[in-house]
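Please open the model in your viewer and keep a selection panel at hand. The tour below moves from one selection to the next and says what to look for at each stop.

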Amino acid sequence: MQRHFTTDQTGRTPVKSHYAAVLRLALDEQELSQRWGLSVKTLRRWRQEKLGPIFCKMGARVTYLISEIEAYERRVSRHSTFTSVYQ
């Protein structure tokens with residue numbers, strides 16, 4: 001399927017004023033629980049036990065920066081089930 005773009009009087013395709021997809025910097029605990037297939041309760045327990053990724057808390061709202069989520073995923077990635085995750 002081809003898309004047809006209209007051009008302005010300069011012959012260039014106009015830039016949309018709004019992004020088609022919003023650039024996300026963080027996920028809330030519900031979104032992270034869906035990403036990892038965990039319960040929100042597990043993420044809350046991990047925060048108490050300091051096991052999960054670094055999080056941001058403003059009032060009652062908890063968010064996880066995507067950069068911190070990806071860094072955490074790299075830290076806990078293993079090639080074997082023999083190695084320990086939390087050292």
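Begin by selecting β2 and β3, which pair in the antiparallel sense over three bridges; two strands count as paired if DSSP finds at least two bridges between them, and strands (E, at least two residues) as well as helices (H or I, at least four) are DSSP runs numbered from the N terminus. This is a predicted model, in which local features need pLDDT of at least 70 and side-chain atom pairs count only at pLDDT 80 or more, while totals for chains, interfaces and linings use all residues. Residues are numbered from 1 along each chain as its sequence is written, and side-chain values use heavy atoms, with hydrogens and water left out.

Within this pair, pick Cys56, which stands opposite Thr63 in β3, and then move to the turn, where two residues lie between the strands of the β2-β3 hairpin and Gly59 has a positive phi of about 65 degrees.

Select Leu27 to find Tyr64 of β3 opposite, and Asp28 to find its bridge partner in β3, Thr63.

Now display the three strands together: they form an open, antiparallel sheet in the order β1-β3-β2. Because β1 (26-28) and β2 (56-58) stand at the edges with a single partner strand each, one side of each is left without a neighbour in the sheet. Neighbouring strands here are turned by 35 degrees against each other on average, direction ignored, with axes fitted as lines to C-alpha atoms, for helices over the stretch in contact, and angles running from 0 to 180 degrees between N-to-C directions.

Finally, select helix α3 (residues 66-76), which packs on the sheet and touches β1 and β3, contact meaning heavy atoms within 4.5 Å; the direction of α3 makes about 60 degrees with that of β3.
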